[in-house]
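Here are some notes to read alongside the model, written for someone opening it for the first time. Take them in any order you like.

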Amino acid sequence: MWLATNSGPFELKELSLTGLGFSLRALHISDIHFASSQTKKSGFLKDLATVKPDLVVNTGDNLGHKNSVNSLLLALEPLLEYPGVFVNGSNDYFSPKVGNPLKYLAGPSSVEDRVQDLDTHRMVTEFENSGWLNLNNQIGTLTIRGQKLNFTGVDDPHLGRDKFIPAPAENLIALAHAPYIRVLDEFVRMNAKLMFAGHTHGGQICLPGGKALITNCDLPTSQAQGLSNYQQVPLHVSGGIGANIFTPVRLFCPPTATLIDIRN
């Protein structure tokens, strides 16, 4: 049985994917929910740089506390040396609140009208200054291994902030924090070749074998974590590296990052 708090354990999963027309090693990180006291999580994030990815894909919910921006940036510093792309999640804008953890199992969490209390601007600026592409309702292009890759992304759909920008269809990779069906449908219409998302925590509280009970959105639970096909387009949903600091337990669902070896 896996029963883990935010202090560990952590896993790096390795997957392979073929037939997309381009090749790269993509490291997908998501839902870090970082707090400055999480030294083991910090060590795990720093160690991820040793896999030397061609591309870091960050699908949001990086912050877990109002005072965690500096410590998050220090933990991610080695990964910021690599090409990267990112979108934000709700916990990149709003700090976590104490609540009834059983509500998580009742369905998608509610969206409250709150005043932003996290230093999102500082985090985003540092990511951009490192060379990572900001894909919050934006598009961009990177050349990796001599291949031109196009990217599109949306700001957090869970907050209703998603807006779609037309992007070139060739070698198109799409990002969203929360994998709502409406968002994935639009990415498919844009002819995305690969989609990345987070938000689900892999179910967080799962049955044995990692069987998710909820995705915290309208994505089927069978796609709560890992690689699957959505309308014939590969979708990778990260199981996430953390959780809300007030509900840190993960059951049969260890915190993970994923290295995907994509081959032409």
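1. Let's begin with Asp-162. At 14% relative accessibility, Asp-162 counts as buried, since the cut-off for that label is under 20%. Keep in mind while you look around that this is a predicted model.

2. What does Asp-162 pair with? Its salt-bridge partner is Arg-182, and the closest N and O atoms of the two are 2.8 Å apart. Arg-182 itself counts as partly exposed, with 38% relative accessibility. As background, side chains of opposite charge can pair when their charged atoms come close.

3. Now for where that pair sits. Asp-162 is in the loop between strand E8 (147-153) and strand E9 (172-175), while Arg-182 belongs to helix H4 (residues 181-189), so the pair ties together parts that are 20 residues apart in sequence. If you search the whole structure, you get five salt bridges, and the Asp-162 to Arg-182 pair is one of them.

4. Staying with H4, have a look at Glu-186 and Arg-189. Their side chains meet in a salt bridge at 3.0 Å, N to O. Both residues lie in helix H4, three residues apart, which is about one turn of the helix. Glu-186 is partly exposed, with a relative accessible area of 22%, whereas Arg-189 counts as exposed at 57%.

5. Which residues of H4 are buried? They are Val-183, Leu-184, Asp-185, Phe-187 and Val-188. The cover over these buried residues includes E8, E9, strand E10 (194-197), strand E13 (226-230) and strand E14 (233-237). Just after H4 comes Asn-191, which takes a positive phi of about 65°.

6. One more salt bridge to find on screen: Asp-261 with Arg-263, where the closest N and O atoms are 2.9 Å apart. Arg-263 is partly exposed, and its relative accessible area is 48%.

7. You'll find Asp-61 in the loop between strand E4 (55-58) and H2. Asp-61 is buried yet has no salt bridge.

8. Setting aside neighbours within four places in sequence, the contacts of Asp-61 are Asp-31, Ile-32, His-33, Gly-89, Ser-90, Asn-91, Asp-92 and His-177.

9. Thr-59 is also in the loop between E4 and H2. With 0% relative accessibility, Thr-59 counts as buried. Its side chain makes a polar contact with the side chain of Ser-30, at 2.8 Å. Beyond its neighbours within four places in sequence, Thr-59 is in contact with several residues, including His-28, Ile-29, Val-87, Leu-175, His-177, Phe-196 and Gly-198.

10. Next, the two helices H1 and H2. The axes of H1 (residues 39-47) and H2 (residues 69-76) come within 7 Å and cross at roughly 35°. On the H1 side, Ser-42, Leu-45 and Lys-46 take part, and they meet Leu-74, Ala-75 and Leu-76 of H2. Sorted by class, this contact has four nonpolar, one polar and one charged residues.

11. Where is Gln-147? It is found in strand E8. At 17% relative accessibility, Gln-147 counts as buried. Phe-22 is 125 residues away along the chain, but the C-alpha atoms of Gln-147 and Phe-22 are separated by 7.1 Å. Not counting residues up to four places away in sequence, Gln-147 touches Phe-22, Ser-23 and Leu-142.

12. Last stop, Thr-258, which is placed in strand E16 (residues 256-263). Is Thr-258 buried or exposed? It counts as buried, at 2% relative accessibility. Thr-258 and Leu-48 are 210 residues apart in sequence, and 9.8 Å apart in space from C-alpha to C-alpha. Leaving out residues up to four places away in sequence, Thr-258 touches Leu-12, Lys-13, Leu-15, Ala-26, Leu-27, His-28 and His-236.

Key
Residues numbered from 1 in each chain as written. Predicted model: local features only at pLDDT ≥ 70, side-chain atom pairs only at ≥ 80, totals over all residues. Heavy atoms only, no water. Axes fitted to C-alpha atoms, helices over the stretch in contact; angles between N-to-C directions. Helix = DSSP H or I, 4+ residues; strand = E, 2+ residues; numbered from the N terminus. Contact = heavy atoms within 4.5 Å. Nonpolar A, V, L, I, M, F, W, Y, C, P; charged D, E, K, R; others polar. Buried < 20%, exposed > 50% of the residue type's maximum accessible area, 1.4 Å probe, protein only. Lys, Arg positive; Asp, Glu negative; His and termini not counted. Salt bridge = Lys/Arg side-chain N within 4 Å of Asp/Glu carboxyl O. Polar contact = N/O pair within 3.5 Å; in protein donor to acceptor, adjacent residues only side chain to side chain.
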